[in-house]
Amino acid sequence: MTYSTIRYEVDTDGILLLTLARPDKLNAFTVEMCDELVDAYGRASLDDAVKAIVVTGEGRAFCAGMDLSVPGNVFGLDEQLAPTLQDMRERSHLPEIHRGVRDTGGRVVLAMLDCLKPIIGAINGAAVGVGSTMLLPMDFRLASGEARFGFVFGKIGVTPEGCSTWFLPRIVGLETALEWMYKAEIFDAEEALDKGLVRALLPAQSLVAEARAFALSLVRDRSPVSVALIRQMLFRNANQTHPLAAHEIESLAMFYTSQADGKEGVCAFLEKRKPQFCGKASNLPSFYPW
C-alpha cells in the first residue's frame with residue numbers, strides 16, 4: 001500500500017517512526033488514514049527490520065480528531081444500513097459491515113493490539129477524540145508539555161470509539177474515565193501525567209529522539225520472538241478469567257522459546273557475551289495466535 005496520510009520510516013536501529021502526516025489539517029483522522037494505519041501496523045508485525053515503533057504527528061498536533069469537514073457521514077459509515085449486535089458478532093468481516101458499520105478508530109486500535117512490536121507514543125501536540133483513543137493500546141505514552149488531550153465525543157452528541165471504553169478504565173481507573181468522558185473537555189499534559197495516561201513529559205524539541213532512545217532500550221539485544229510473545233501475553237492474559245489460562249500459554253511459550261532463542265540466550269549468559277538471536281517475529285511458534 002502507498003501511504004498518503006502517514007509516513008513509515010525505519011532507522012538503522014530497527015525503530016520505525018510512524019508519523020501522522022496531514023499537518024495542514026492538524027493530522028485529522030480520515031477513513032484513508034485508518035486504512036493506512038491498519039496496514040502499517042500489520043506490515044510492521046511482519047517486517048523483521050522493525051524492532052519497535054514510535055508514533056508521532058507532523059507539525060504542531062498529534063491528531064486533532066476526526067476530520068469533520070468531509071462530506072456525508074463524517075465517520076465514513078453507511079447510513080443505509082440498520083446493523084444489529086448479531087451483525088457485529090457474525091458478519092463483521094463482510095465488506096458492508098467492515099466498511100460501513102465498524103468504527104474506524106476501533107479498527108486501528110485492534111490492529112495495534114495485534115501488533116507484535118512495542119508501540120511508544122510521542123505525543124507532540126493536540127490528541128483529541130480518536131487522537132486520544134488511538135493512544136490507549138500503546139505500550140507507553142510520552143508527551144511534550146504542549147500536548148492536549150480530550151475524549152470529546154459527548155460534546156458533539158456521539159459516543160466513545162476506538163475500544164476506549166475497554167482500555168481507558170484499565171489505564172486511569174473507572175472514575176477518571178467517566179469524568180473525562182462525561183465532561184468531554186480538553187485537558188492538559190500535566191493532568192494526563194497526574195492521572196496516569198502518559199508516562200512522562202519531555203521537552204518538545206527532544207520528544208521524538210527520547211522516545212526513539214526509550215524504544216531502543218526495550219528491544220536492544222532482545223529476542224524478537226520473546227518480545228512479540230511477551231507483548232501478546234501481557235495484553236491478552238491479563239484479562240483471562242483464571243490464572244490457569246495464562247499458565248497454559250506461558251507453558252507453551254517457554255517450551256518453544258527454550259528450544260530456539262532460549263538456547264542462545266543461556267549460552268551467551270554462561271559465556272558472558274551478548275546474545276545473537278536468530279528468531280523472527282514473522283515466524284512465531286504455531287500456538288500463536290491463541
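**Helix packing and local features of the chain**

Apart from neighbours within four places in sequence, Arg107 contacts Cys34, Asp35, Val38, His98, Arg99 and Arg102. The model in which these contacts occur is a predicted one. Arg107 is found in helix H4, which covers residues 104-114. With a relative accessible area of 7%, Arg107 falls under the 20% limit and is therefore buried.

The secondary structure of the chain consists of twelve helices and ten strands. For 290 residues, a compact globule would have a radius of gyration near 19 Å; the value for the chain is 20 Å, which agrees. Along the principal axes, the C-alpha atoms fill a box of roughly 60 × 45 × 40 Å. Of the 290 residues, 46% are buried. When contacts between residues at least 6 apart in sequence are considered, 71% join residues at least 24 apart.

Two helix pairs that share H10 were examined. The axes of H4 and H10 come within 9 Å and cross at roughly 125 degrees. This angle lies between the range for roughly perpendicular pairs, 65 to 115 degrees, and the limit of 145 degrees above which pairs count as roughly antiparallel, so H4 and H10 are oblique to each other. On the H4 side the contact is made by Met112, Leu113 and Asp114, and on the H10 side by Arg231, Gln232, Phe235 and Arg236. By class, three residues of this contact are nonpolar, one is polar and three are charged.

Helix H10 (residues 224-237) also packs with helix H11 (residues 243-257); their axes come within 11 Å and cross at roughly 175 degrees. Because angles over 145 degrees count as roughly antiparallel, this description applies to H10 and H11. Val225, Leu229, Met233 and Asn237 of H10 meet Ala246, Ile249, Glu250, Ala253 and Thr257 of H11. The contact of H10 with H11 has six nonpolar, two polar and one charged residues.

Asn237, a residue of helix H10, has a relative accessible area of 11% and is buried. Not counting residues up to four places away in sequence, Asn237 touches Gln232, Ala246, Ile249 and Trp290. Among these, Ala246 and Ile249 also belong to the H11 side of the contact between H10 and H11.

Backbone geometry was considered next. Asn27 has phi near 60 degrees, a positive value in a residue other than glycine. Asn27 is placed in the loop between strand S2 (15-20) and helix H1 (31-46), and its relative accessible area of 0% makes it buried. Phi is also near 60 degrees, again positive in a residue other than glycine, for Cys163. The loop that holds Cys163 runs between strand S8 (148-150) and helix H6 (164-172). At 25% relative accessibility, Cys163 counts as partly exposed.

The peptide bond from Tyr288 to Pro289 is cis, with omega near 0 degrees. Pro289 lies in the segment after H12. Helix H12 itself comprises residues 261-271 and includes Gly265. Gly265 has a relative accessibility of 23% and counts as partly exposed. The C-alpha atoms of Gly265 and Gly125 are 41 Å apart in space, with a separation of 140 residues in sequence.

Definitions and conventions
Residues numbered from 1 in each chain as written. Predicted model: local features only at pLDDT ≥ 70, side-chain atom pairs only at ≥ 80, totals over all residues. Heavy atoms only, no water. Axes fitted to C-alpha atoms, helices over the stretch in contact; angles between N-to-C directions. Helix = DSSP H or I, 4+ residues; strand = E, 2+ residues; numbered from the N terminus. Parallel < 35°, antiparallel > 145°, perpendicular 65-115°, else oblique. Contact = heavy atoms within 4.5 Å. Nonpolar A, V, L, I, M, F, W, Y, C, P; charged D, E, K, R; others polar. Buried < 20%, exposed > 50% of the residue type's maximum accessible area, 1.4 Å probe, protein only. Rg over C-alpha atoms; globule rule 2.2 N^0.38 Å.
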